[in-house]
Amino acid sequence: MASLNVNEQSLPKLLFIALCLCTLQQAASLLTQPRHHSLRAASSPGPMGAGDDTAPAKAAMEVSSVSSSSTSASTAPLPPPSVLRSVLMSYAYVGIWISLSFSVIVYNKYILDPKMYGWPFPISLTMIHMAFCATLAALLVRVLRVVDVPASPPMTPRLYAASVVPIGALYALSLWFSNSAYIYLSVSFIQMLKALMPVAVYSLAVAFRTDSFRRASMLNMLGISAGVAVAAYGEARFDAFGVALQLAAVAAEATRLVLIQILLTSRGMSLNPITSLYYIAPCCLAFLTVPWYAVELPRLRAAAASAAGPDVFVFGTNSLCAFALNLAVFLLVGKTSALTMNVAGVVKDWLLIAFSWTVIKDTVTPVNLAGYGIAFLGVAYYNHAKLQGLKAKEAERKAAATAVPKPDDAEAAARLLPEKDGRDGDRKN
């Protein structure tokens with residue numbers, strides 16, 4: 001009977017280790033691919049702020065054309081030093097991004113959870129982040145001129161009101177709801193719910209006609225949703241209000257990503273994380289003042305009368321981590337690819353689940369892991385299909401480039417044709 005109890009207790013750990021190994025294998029295979037050709041698709045989902053780790057930065061999609069026929073690792077030649085250095089640097093970029101994203105999420109959980117630091121004011125925390133990030137972004141753009149603002153098309157007041165203001169409003173809602181969920185739900189369960197992001201993005205893209213409906217993709221999305229539903233069924237600390245907050249955050253974030261493609265990318269405007277913060281953070285801060293004034297300001301006044309002021313060190317380092325995360329996104333996507341970031345995000349989710357399980361002592365059941373495993377397989381297939389689609393587009397682009405004659409070649413052929421006709425006429429005479 002004792003051995004049966006041991007097996008039941010070890011089952012979640014065995015499931016967790018197996019799924020982690022699958023994730024690491026997928027990430028390693030993606031990072032070790034040599035990149036010969038790159039397909040750069042400017043998609044700027046925008047900045048990453050308080051607890052938001054779902055939006056990639058300015059996409060530099062690099063698609064690999066790999067030709068390898070080695071069948072044994074022992075007989076395969078060693079990679080050239082440049083390839084080895086590129087692989088090591090890719091792992092370094094991924095490690096930096098995972099560390100910072102991990103730190104921001106755990107730090108936010110520590111501040112907001114009433115059982116830890118005990119400062120349950122998610123709107124105020126998000127406003128602190130936005131004010132800090134907007135100030136540093138303005139310093140980098142206007143004073144130090146580390147990055148340039150987009151010049152084609154220029155950011156006019158009319159374009160700002162029509163494009164950036166709706167995105168900033170959705171970003172404010174996304175951050176508000178996602179940070180509020182940390183008060184009611186465990187870190188591990190929140191990461192499981194975030195697996196619904198591809199489902200929401202694809203569904204809205206089809207609704208807004210920015211993507212086409214495909215039966216295979218929709219079946220994949222249904223599989224991801226079923227996995228998340230199983231994980232929710234097995235959640236030991238299920239809170240309906242917290243789940244509603246997180247689902248609302250996913251919906252707001254997915255709408256924001258689709259609107260970015262419609263309002264900005266379609267107009268030829270591409271924003272990296274720094275310029276995104278420069279434009280969107282002040283707008284987001286302005287929108288957050290409305291719910292903050294109505295919801296949290298009275299509670300803050302009551303709390304200030306009975307407790308000491310907030311710790312400057314805690315909130316300063318927390319805001320610095322949030323801003324550093326944006327720089328890490330810029331570095332990771334610019335040096336590797338947005339697809340690499342997606343796979344690294346899955347690795348980071350498993351690390352957060354392990355941390356929540358072992359350190360914070362949140363309860364993770366076998367049903368939790370089984371459901372998230374199903375969702376993980378769906379997300380892995382989604383990333384694989386996206387990679388194959390990018391490779392197909394790259395092959396079509398190369399075929400079109402080789403099929404169209406160059407202007408210089410056409411001009412040379414036009415000059416040679418009369419010369420050839422003249423020589424043939426002389427021979428006949």
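The protein chain has 13 helices and 0 strands. Helices (H or I, at least four residues) and strands (E, at least two) are DSSP runs, numbered from the N terminus. This is a predicted model, in which local features need pLDDT of at least 70, side-chain atom pairs count only at pLDDT 80 or more, and totals for chains, interfaces and linings use all residues. Residues are numbered from 1 along each chain as its sequence is written, and side-chain values use heavy atoms, with hydrogens and water left out.

**Overall build**

Of the 429 residues in the protein chain, 46% count as buried. Buried means under 20% relative accessible area, exposed over 50%, and partly exposed in between (1.4 Å probe, protein chains only). The accessible surface of the protein chain is about 21300 Å², and carbon and sulfur atoms make up 66% of that. Accessible areas come from the Shrake-Rupley method with a 1.4 Å probe; for residues, only the protein chains shown count as cover. Contact means heavy atoms within 4.5 Å. Among contacts in the protein chain between residues at least 6 apart in sequence, 86% join residues at least 24 apart.

**Helices 6 and 8**

Helix 6 spans residues 197-207, and its buried residues are Met197, Pro198, Val199, Ala200, Val201, Tyr202 and Ala205. Their cover includes helix 7 (215-233), helix 8 and helix 12 (366-403). Just after helix 6, arginine 209 takes a positive phi of about 60°.

Helix 8 (residues 240-263) has 24 residues. From first C-alpha to last it reaches 34 Å, close to the 34 Å expected at 1.5 Å a residue. That expected span is 1.5 Å times one less than the number of residues. Aspartate 239 caps the N-terminal end of helix 8, with a side-chain oxygen 3.1 Å from the backbone nitrogen of phenylalanine 241.

**Asparagine 318**

Which helix holds asparagine 318? Asparagine 318 sits in helix 10 (residues 312-335). Asparagine 318 is buried, at a relative accessible area of 0%. Its side chain makes a polar contact of 2.3 Å with that of histidine 129. A polar contact is a pair of N or O atoms within 3.5 Å; within protein, one must be able to donate a hydrogen and the other to accept it, and residues adjacent in sequence count only if both atoms are side-chain atoms. Leaving out residues up to four places away in sequence, asparagine 318 touches Tyr107, Asn108, Ile111, Leu125 and His129.

**Aromatic pairs**

The structure holds 13 aromatic pairs. Two of them are tabulated here.

| Pair | Class | Centre to centre | Angle between planes |
|---|---|---|---|
| Tyrosine 107 and tyrosine 110 | tilted | 6.5 Å | 50° |
| Tryptophan 176 and phenylalanine 177 | stacked | 5.1 Å | 25° |

Rings of Phe, Tyr and Trp (its six-membered ring) pair if their centres lie within 6.5 Å; planes under 30 degrees apart count as stacked, over 60 as edge-to-face and the rest as tilted. Tyrosine 107 and tyrosine 110 both lie in helix 2 (residues 81-112), 3 residues apart, about one turn of the helix. Tyrosine 107 is buried at 18% relative accessibility, while tyrosine 110 is partly exposed at 36%. Tryptophan 176 counts as partly exposed at 22%. Ring pairs also link Tyr107, Tyr110, Tyr117, Trp119, Phe121 and Phe315 into a cluster.

**Cysteines**

How many disulfides does the structure hold? There are 0. A disulfide is a pair of cysteine sulfur atoms within 2.5 Å. The closest cysteine sulfur to that of cysteine 283 is in cysteine 284, 7.4 Å away and too far for a bond. Cysteine 283 is buried at 7% relative accessibility, and cysteine 284 is buried at 0%.
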